[in-house]
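Let's take a friendly walk through a protein model. Please have a look at the sequence and the structure before you read on.

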Amino acid sequence: MNSRLLLLEILISSGVYSLRESSQAEEFAAGTRAIKLKDLDIDSLSAMEICIRLENRFQLSIAPETLLSFEYLDDLMAAIPIDNSDDL
């Protein structure tokens, strides 16, 4: 699966519903849009859920505060050990 789609799936399933039916999600998945995390209005509960899902999926231990300190989704993607070879 495309790593961008995987990250979007994790975010949406964690309560970031603003991405559900959004053109910005499609553009991010295509690699044509940068999305600022602060623009997603991620609350503390959603941040915790995202961290849990990232840890379960990628064995990546990240604190909610660290997650929310990233400026862009691409910055978060860079911290996740995802095999991006399928994106080429």
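The report below starts with the model itself and then turns to its helices and loops.

## About the model

This is a predicted model, in which local features need pLDDT of at least 70 and side-chain atom pairs count only at pLDDT 80 or more, while totals for chains, interfaces and linings use all residues. Residues are numbered from 1 along each chain as its sequence is written, and side-chain values use heavy atoms, with hydrogens and water left out.

The predictor's confidence in each residue is called pLDDT and runs from 0 to 100. For this chain the mean pLDDT is 89, and 92% of the residues reach 70 or more. Where pLDDT is low, the predicted coordinates should not be read in detail.

A word on the element names: helices (H or I, at least four residues) and strands (E, at least two) are DSSP runs, numbered from the N terminus.

Helix H2 covers residues 23–30, and its buried residues are Gln24, Ala25, Phe28 and Ala29. These four sit on the same side of H2 because they cover an arc of only 140 degrees around the axis. The arc is that of the directions from the helix axis to the C-beta atoms. An α-helix has 3.6 residues a turn, so residues three or four places apart point the same way.

Here, buried means under 20% relative accessible area, exposed means over 50%, and partly exposed is in between (1.4 Å probe, protein chains only). The exposed residues Glu26 and Ala30 are carried on the face of H2 turned away from its buried side. The buried residues of H2 pack against helix H1 (3–13) and helix H5 (73–79).

## The two ends of H2

Ser22 is found in the loop between H1 and H2, and it counts as buried because its relative accessibility is 14%. At the start of H2, a side-chain oxygen of Ser22 reaches to within 3.1 Å of the backbone nitrogen of Gln24. A polar contact is a pair of N or O atoms within 3.5 Å; within protein, one must be able to donate a hydrogen and the other to accept it, and residues adjacent in sequence count only if both atoms are side-chain atoms.

Gln24 is itself buried, because its relative accessible area is 16%. Leaving aside neighbours within four places in sequence, Gln24 is in contact (heavy atoms within 4.5 Å) with Ser18, Leu19, Arg33, Ile35 and Leu40. Just after H2 comes Gly31, with a positive phi of about 80 degrees.

In H1, the buried residues are Ser3, Arg4, Leu6, Leu7, Leu8, Ile10 and Leu11. What covers them includes H2, H3 and H5. At the start of H1, a side-chain oxygen of Asn2 reaches to within 2.6 Å of the backbone nitrogen of Arg4. H1 is followed by Gly15, which has a positive phi, near 105 degrees.

How do H1 and H2 meet, and at what angle do their axes cross? The axes come within 8 Å and cross at roughly 145 degrees. Axes are lines fitted to C-alpha atoms, for helices over the stretch in contact, and angles run from 0 to 180 degrees between N-to-C directions. At this meeting place, Arg4, Leu5, Leu7 and Leu8 in H1 meet Ala25, Phe28 and Ala29 in H2.

## Two loop residues with positive phi

Most residues other than glycine have a negative phi, and most peptide bonds are trans. Asp41 is not a glycine, yet it has a positive phi of about 50 degrees. Asp41 has its place in the loop between H2 and helix H3 (44–58), and is exposed because its relative accessible area is 67%. From C-alpha to C-alpha, Asp41 and Tyr17 are 9.8 Å apart in space and 24 residues apart in sequence.

Gln59 is not a glycine either, and has a positive phi of about 55 degrees. Gln59 lies in the loop between H3 and H4, and is exposed because its relative accessible area is 64%.

## Ala79 in helix H5

Ala79 lies in helix H5, and counts as partly exposed because its relative accessibility is 34%. Not counting residues up to four places away in sequence, Ala79 touches Leu60 and Phe70. The C-alpha atoms of Ala79 and Ile62 are separated by 9.4 Å, with the two residues 17 apart along the chain.
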